[in-house]
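Here is a short briefing to read alongside the model. Take a look at the sequence and fold below, and then we can walk through the aromatic contacts and the strand pairing together.

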Amino acid sequence: MHSPRWALALLVVSGTTPLIAQESPRRAARDTVVELPAMTVTATRDLREVFRTPTPVSVVDSTTLARRAPASITDLFLDLPGLDVNGVGPSQSRPIIRGLLGQRILLLQDGIRMNNSRRESDFGEIPSLVGLEALGRVEVVRGPTSVLYGTDAIGGAVNLITRQPSTSITGSSVHGSFGYRYQSAGNSQRPFGLVTGQVGRLNWLAFGSYRDATDYTAPAGTFGKLPLPNDSKVQDSGVKDQNYAFQLGYGLTANSSLHARYDRYTADNAGFGYVDNADLQRPNDPTIAIRYPNQGVDRLSLGYTNRGVRSALADRIDVTTYYVDNTRRLTFDITIPTGPGSQGQIGIRNFTDLQTFGFRIEAGKAIGNVVLTYGFDGFHDRSNNTDTTTTTGFGPPSTDPVSKTPNASFRSLGGFLQSDFHLAPRLILIAGLRVQDIKASTRSTPNVTAPLVSHSNATVVGTVNTEYLLSDNLSVIGTVGRGFRSANLIERFFNGLAPEGGGFQVRTPNLKPETSLNVDVGLRYRSQLLQLEAFAFRNEITDAIVLQPTGDSTAIGPGQYAQNFSNVNIGKLRYLGLEASGRVVVGHGFSTAANVTVTDTKDVRDPSNPVAQSYGFRVGGEARYDHPSGRFWLAYGARHNGEQKDVANSQSPIGTPLPAFTVMTARAGAQLFRAGRTSHSVTATLDNVGNKLYSEASSSSALFRPSPGRNVTLAYRMDF
């Protein structure tokens with residue numbers, strides 16, 4: 001770890017406080033800001049203040065979601081400590097937590113897992129499956145959450161919590177929002193509408209949004225070793241997608257209710273983004289285009305909640321069952337120059353239909369000063385796949401109909417117990433344990449002659465979290481926890497050209513699960529004018545699953561060979577870091593905020609092997625003015641990502657190290673007028689003020705995926 005980075009991090013933290021994790025400010029008579037306490041349910045499964053939650057957690061509230069009008073929820077993560085973003089475009093960006101990404105991050109909707117076992121391990125599921133304007137808040141837990149949520153939550157969890165109708169059993173009401181968002185990057189347009197209502201015991205919700213975004217343009221400049229002489233289009237960075245949700249609930253009693261919810265997401269013409277080699281002045285390099293011509297996700301969930309059980313075993317009970325049908329088409333095209341005026345092409349066409357059945361039964365019981373949370377959960381993924389590979393330009397055209405991933409199933413069953421001890425008025429101790437059993441199996445698949453295989457593994461993980469109030473305004477937090485992640489279907493059974501042209505992947509079905517040991521030590525401080533949070537962490541992943549060369553190669557065309565890789569369990573990966581954030585209310589409507597993240601990664605067994613997949617240093621801040629009347633606000637922010645040397649980037653034209661960059665953003669918003677209980681507001685954002693060439697994409701990418709140049713976002717919103 002470089003000491004100057006730590007010194008800068010401490011300097012930034014010493015005078016600032018948490019940027020997000022607070023509800024909307026309310027004005028007091030003395031022109032000070034009184035903050036409503038931020039609440040979280042994801043970290044402990046019991047609604048509590050963030051300040052009294054003994055684990056690192058960040059909350060993006062509804063006010064921030066409305067004011068910022070982001071293209072993707074991950075846009076807001078760049079203002080949170082410990083978080084980063086992988087991917088480009090409005091639909092394909094994904095979170096990074098403490099240097100971990102893809103399937104090592106668990107994505108949840110209202111506490112129900114969204115990950116599926118058919119996604120590439122470095123990509124994970126997309127948060128766009130849930131409509132932005134349907135969200136009430138977003139909670140991010142930094143560090144393992146496997147005790148409560150099972151596999152994949154090895155680096156953290158992102159819980160997308162949707163807006164809900166009233167669940168009282170008397171009265172009637174109708175509330176909602178309508179709006180429109182325009183962004184000049186890709187000429188993105190997004191209208192939306194949400195309405196909730198209640199009539200007696202019956203409550204309901206309806207939501208819909210549509211987005212049409214074309215490919216955006218990156219500015220001319222130089223990034224690392226790569227010059228981009230002219231403004232250039234980032235191919236496959238647009239999308240046409242839609243979100244719909246319908247929910248119906250019924251209040252059985254004042255403490256119990258039933259609900260049914262249906263969500264649908266459709267997307268056309270989404271892609272991973274790339275810049276033409278002609279624009280990069282690299283005409284002899286292969287061109288790799290990864291696209292999703294269409295994707296459709298249907299999700300149906302049924303739930304029962306009772307907060308008044310009052311039995312010897314439980315005071316509350318929550319039962320949820322869900323079904324998800326996730327279908328998508330993938331096209332993977334590699335164009336390889338073979339000589340002057342000639343080229344060869346390899347085209348892969350894949351269709352996947354993944355069906356998931358899942359359930360969660362959770363109960364809570366208070367016994368004196370102890371609150372028990374316990375239950376069972378499970379899911380079953382059933383994947384059906386078809387693949388066709390066509391090769392031209394290397395001799396006679398050929399077609400291979402063999403599926404790269406055979407039809408397969410992934411089954412998970414687990415039980416968990418968590419105890420919340422209030423040992424003293426100032427001391428909280430939470431301890432938990434989970435036992436999990438997972439089985440992955442292949443099934444008979446047309447044109448696949450490989451023997452059927454099945455592999456099972458059982459895992460036990462636990463955690464201990466504690467918080468002690470040194471004073472009413474200052475607390476110290478400590479956590480020790482184990483997480484785990486079982487290898488998914490792609491890591492076990494895929495046999496073909498790896499994504500982004502990184503080689504030929506050979507199947508390895510008998511992988512052991514990754515396990516992690518994470519330790520956090522942190523401080524939180526809050527007062528009327530100052531909030532501060534800082535955590536140091538150490539996370540070690542044992543039996544980490546990584547792709548490594550086998551020493552062999554596979555012919556992918558006449559005279560064309562790809563190096564073979566296989567997933568293996570290696571000894572240990574170590575992630576160290578410091579993350580902090582803060583906010584200072586200066587007075588008279590002015591406030592400042594900042595956040596800083598420092599991470600250091602290492603392959604303990606082979607220190608010379610670079611394993612970083614994101615930037616190791618990031619610092620950002622914002623100066624803000626809120627008019628005392630609440631009629632308008634102004635903000636200006638900057639973010640600096642430091643250069644990253646520990647990165648395997650030999651296949652990327654960017655080179656090593658990954659270069660540093662600074663990007664600035666200006667924002668403003670105003671309340672236009674109120675009419676009764678209806679309010680109308682607008683926001684405007686000028687992003688990448690300096691029009692700099694930079695990239696948020698994973699540093700392990702073989703492609704150059706720059707972010708948009710200077711662009712404007714305008715949004716209108718009506719709430720009633």
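**Aromatic contacts and strand pairing**

Phe223, Tyr615, Phe661, Tyr694 and Phe704 are linked into a cluster by ring pairs. Please keep in mind that this is a predicted model. The count of aromatic pairs comes to 11.

**Aromatic pairs**

- Phe590 and Tyr625 make a tilted pair, with 4.8 Å centre to centre and 45° between the planes.
- This pair links distant parts of the chain, as Phe590 belongs to strand S36 and Tyr625 to strand S37 (residues 617–626), 35 residues apart.
- Phe590 is partly exposed at 45% relative accessible area, whereas Tyr625 counts as buried at 18%.
- Tyr615 and Phe661, both members of the cluster, meet edge-to-face, at 5.4 Å centre to centre and 80° between the planes.
- Here Tyr615 comes from the loop between S36 and S37, and Phe661 from strand S39 (residues 661–675), 46 residues apart.
- Tyr615 counts as buried at 6% relative accessibility, and Phe661 is buried at 6%.

**Charges over rings**

- Arg98 lies over the face of Phe537, 4.2 Å from the ring centre.
- Arg299 places its charged end over the ring of Tyr322, 5.5 Å from the centre.

**Strand pairing**

- The S35–S36 hairpin has two residues between its strands, and His588 in the turn has a positive phi of about 55°.
- Strand S35 (residues 560–587) also pairs with strand S32 (residues 504–506), in the parallel sense over three bridges, with Asn564 as the bridge partner of Phe504.
- Elsewhere, three strands form an open antiparallel sheet in the order S6-S7-S8, with S6 (83–86) and S8 (100–101) as the edge strands.

Definitions and conventions. Residues are numbered from 1 along each chain as its sequence is written. This is a predicted model: local features need pLDDT of at least 70, side-chain atom pairs count only at pLDDT 80 or more; totals for chains, interfaces and linings use all residues. Side-chain values use heavy atoms; hydrogens and water are left out. Two strands pair if DSSP finds at least two bridges between them. Helices (H or I, at least four residues) and strands (E, at least two) are DSSP runs, numbered from the N terminus. Rings of Phe, Tyr and Trp (its six-membered ring) pair if their centres lie within 6.5 Å; planes under 30 degrees apart count as stacked, over 60 as edge-to-face and the rest as tilted. Buried means under 20% relative accessible area, exposed over 50%, partly exposed in between (1.4 Å probe, protein chains only). A charge sits over a ring if NZ of Lys or CZ of Arg is within 6 Å of the ring centre and within 35 degrees of the ring normal.
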